[in-house]
Amino acid sequence: AMVRDADGDLWIATFDGLSRLRKGKIANFTTANGLPSNVITSLLETDDGYTVAGTEDRGVAIVDHGAITALAGNVLDQTSIYAIAGEGTGAHLWFATSNGITRCDRGAAGLPRTIRIGNCLDFSTADGLRSRETATNSHPSAWRSRDGLLWFATPKGLVEIDPAHFPVNTVPPPVEIERFAVDDKDEALLAAGTLLTVPAGRVRFQFDYAGLSYVAPQKVHYRYMLDGFDHDWTNAGPRRTAYYTNIPPGRYTFRVQAANNDGLWNTAGTSIQFELRPHFYQTLWFYVLVILAAAALVFYLLKRRLRLAETEFRAVLAERNRIAREIHDTLAQGYVGISVQLEVLAGLLRRRSLDDAVKQLDQTREVVREGLAEARQSIWLLRTQDAGVTTLPMRLQPMVEAAGGDGLAARFELFGAYRALPPEMERELLRVAREAMHNVKKHAGAKHLFVRLDYGAEAITLEVRDDGRGGAVTSAGGAAPGHFGLTGMRERAAAIGGTLEVASEPGAGTTVRLSVPAPISLRVQPGEQR
């Protein structure tokens with residue numbers, strides 16, 4: 001196929017693009033220059049100076065003074081064009097295609113010059129064609145005669161078309177929704193504007209519709225859109241069913257429009273409204289609850305971490321206090337005893353009482369050995385929670401007997417039904433007894449020391465009593481600066497949940513009483529006390 005344009009250039013259709021002959025020189029144009037395909041099957045020079053090129057399987061291109069534009073977005077896309085013919089009025093272009101004969105509206109508008117091709121209608125055997133196949137081996141296979149008739153060659157003969165007297169259907173077809181099915185179950189079609197509620201969890205939606213045009217029902221075309229889900233119309237062609245699956249919960253309006261056999265659209269169309277209810281976990285209040293729960297969890301974790309830090313701090317502080325008490329009860333007291341012994345030894349040396357000094361030196365060595373033994377015992381208790389295999393009374397009685405001497409008579413008494421206490425409780429009871437007896441020896445000036453351990457039914461009571469000089473004790477248990485014995489005893493009592501009472505009157509001695517509730521599993525039932 002060849003045509004000559006308004007510039008006098010000759011355009012030649014080839015299987016390798018579109019060639020132009022200008023002033024004896026040939027230039028070839030391909031897909032790189034804008035052609036939709038390199039196989040050119042037909043050419044037409046329009047009355048207003050455009051060159052229309054048909055391609056194989058790729059639709060139409062427009063050539064305007066050497067500028068090539070591929071036209072897309074119509075029924076000619078992906079179609080082979082075998083011949084092109086134009087009307088004398090220039091209102092339409094006629095194409096012999098692989099689907100029959102197609103008529104498209106055309107128009108030119110704007111600067112620079114452009115051409116539009118749209119609203120295309122297909123004609124086939126139902127419209128009088130002997131065959132849908134229009135491909136022939138002859139060129140040209142389409143022609144416009146002087147009387148305005150269009151002639152198309154087909155494998156089964158010539159087709160004559162009179163475009164001037166071509167019937168046009170000017171009635172837009174009404175369209176109706178015939179069926180709305182949810183998960184293959186039909187829903188009642190309510191009056192227009194009524195909202196239909198669909199339960200949560202439904203996934204498949206089907207809409208059946210029909211355009212009421214009886215001139216050529218098979219040529220009625222449809223387009224539809226689901227407002228709230230689709231962003232544009234979906235061209236359905238002659239298909240009369242629309243499907244949607246897995247749409248999110250919300251309100252939707254399904255709209256459908258129909259066009260008659262001449263492409264006249266009923267833009268009003270029809271619609272149906274429905275609401276897909278959400279699951280509880282798809283609602284706003286659920287998201288709010290999830291956010292609040294997450295915030296509460298974060299707050300709880302922060303509080304828990306803070307409590308753990310506080311607990312660790314208190315544990316470290318308690319351990320420091322325990323170590324301080326251990327040092328006070330062992331090293332400090334041992335150093336005090338050694339200091340007293342050395343002062344006595346110094347006095348004897350000043351009086352040159354060598355025999356007495358030797359005896360005093362032996363006593364001092366004994367005090368040092370006892371202090372060293374106590375220090376080792378305290379270090380062992382710091383490194384382990386094991387209090388040993390001996391019982392509290394067996395450990396307390398030798399301690400009381402050792403406290404006697406130098407004019408102080410010491411006696412130990414045991415009452416109640418013995419039972420083994422937790423190691424921590426026994427350790428603190430022993431430390432309180434040791435501190436109380438040390439105070440008696442150091443400060444009381446007493447002649448008698450009484451230590452009583454009573455295993456009661458619900459409490460264990462330790463009592464250390466002397467007949468010394470006594471003295472006032474504050475209710476708060478305060479101590480003079482640098483003296484922490486009473487404070488340490490109160491801390492030890494509090495550590496095991498006990499109560500420490502100190503009673504002292506001038507000239508009437510001092511009584512230290514520590515009462516500790518027995519663990520529930522160790523309490524003696526009535527009739528078991530012995």
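A residue counts as buried when its relative accessible area is under 20%, and as exposed when that value is over 50%. With those cut-offs in place, this briefing on a predicted model takes up two topics: helix H3, which runs over residues 392–403, and the disulfide formed by Cys104 and Cys120.

**Helix H3**

- The buried residues of H3 are Leu392, Pro393, Arg395, Leu396, Met399, Val400 and Ala403.
- Because these residues cover an arc of only 160° around the axis, they lie on the same side of H3.
- On the face turned away from that buried side, H3 carries the exposed residues Met394, Glu401 and Ala402.
- The length of H3 agrees with expectation, because its 12 residues, at 1.5 Å a residue, should span 16 Å, and its end C-alpha atoms are 17 Å apart.
- Just after H3, Gly405 adopts a positive phi of about 110°.

**The disulfide**

- A search of the whole structure finds 1 disulfide, in which the sulfur atoms of Cys104 and Cys120 are 2.0 Å apart.
- This pair links distant parts of the chain, with Cys104 in strand E11 (residues 100–108) and Cys120 in strand E12 (residues 115–123), the two cysteines being 16 residues apart.
- The link between Cys104 and Cys120 is right-handed, with 115° about the S-S bond.

Methods: Residues numbered from 1 in each chain as written. Predicted model: local features only at pLDDT ≥ 70, side-chain atom pairs only at ≥ 80, totals over all residues. Heavy atoms only, no water. Disulfide = S-S within 2.5 Å. Helix = DSSP H or I, 4+ residues; strand = E, 2+ residues; numbered from the N terminus. Expected span 1.5 Å × (residues − 1). Buried < 20%, exposed > 50% of the residue type's maximum accessible area, 1.4 Å probe, protein only. Arc of directions from axis to C-beta.
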